[in-house]
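Here is a brief report on pockets, surface and backbone for the model below. Keep the structure open while reading.

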Amino acid sequence: MPRTSKKIAAFTLSEMLVVLLLTIIVVGLAFSVLGLVQRQMLGIQDNYEEKTTDNLLQQALWVDFNSYAQVEFSSKAQALSFSNEVDGKAYRFYKGYILRDRDTLYTDLTIGKVFYKGEEVGNGLIDALELTKFDEVPKTLFVHKKNSATDFMN
């Protein structure tokens, strides 16, 4: 009986190694690109959170400046106190965060200048506040209120 050999169609070992090597290269590139995209997304997320916190602080200060009749600043305590006939509110500025009554706002904004009737003051009654942050990109936040007629009497 003659022996007939039937060849099974298959890849050789060297062909399989080439395919395996190409697959490893493609997967490695895919993971590198994924890492770059994730770092970019984390950077975007950090910027968004920082801007959101700064906007919340600006809105809260704006509302409080225009809701309370009297605003006082203490440079020794690094504190703002708002008061009117009914209630009051306080802000305390620390390195890296600001306490607003029971709320904590994480920001690097610090008190730059305080003003009363257009003049820079150190302590006491104020009607405007400048907050500054010195990073790669310096940022300034300015909040003021309109004075009532009683502020100009005496």
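Ten names make up the lining of the largest pocket in this predicted model: Asn47, Glu50, Lys51, Asp54, Lys133, Asp135, Glu136, Val137, Pro138 and Lys139. The volume of this pocket is about 210 Å³. By class, its lining holds 7 charged, 2 nonpolar and 1 polar residues. Helix 1, residues 13–67, contributes the most to that lining, with 4 residues.

Next, the surface. Val18, Leu21, Leu22, Ile25 and Leu29 form a nonpolar patch of about 490 Å². Valine 18, one of these residues, is in helix 1. Is valine 18 buried or partly exposed? Its relative accessible area is 48%, so it counts as partly exposed. The limits here are 20% and 50%, with partly exposed in between.

Now the backbone. Glutamine 78 is not a glycine, yet its phi is positive, at about 50°. Aspartate 101 is likewise a residue other than glycine, and its phi is positive, near 50°. Both sit in loops, as the table shows.

| Residue | Phi | Loop between | Relative accessible area |
|---|---|---|---|
| Glutamine 78 | about 50° | strand 1 (70–74) and strand 2 (79–83) | 29% |

Terms used: Residues numbered from 1 in each chain as written. Predicted model: local features only at pLDDT ≥ 70, side-chain atom pairs only at ≥ 80, totals over all residues. Heavy atoms only, no water. 1 Å grid on protein atoms, 1.4 Å probe; cavity = no way out; pocket = protein on both sides within 12 Å on 5 of 7 lines; lining within 4 Å. Points joined across faces, edges and corners; volume = space filled by probe spheres on them. Helix = DSSP H or I, 4+ residues; strand = E, 2+ residues; numbered from the N terminus. Nonpolar A, V, L, I, M, F, W, Y, C, P; charged D, E, K, R; others polar. Patch = residues over 30% accessible without salt bridge, like charges linked within 9 Å, V, L, I, M, F, W, Y side chains within 5 Å. Areas by Shrake-Rupley, 256 points an atom, 1.4 Å probe, with all protein chains shown as cover. Salt bridge = Lys/Arg side-chain N within 4 Å of Asp/Glu carboxyl O. Buried < 20%, exposed > 50% of the residue type's maximum accessible area, 1.4 Å probe, protein only.
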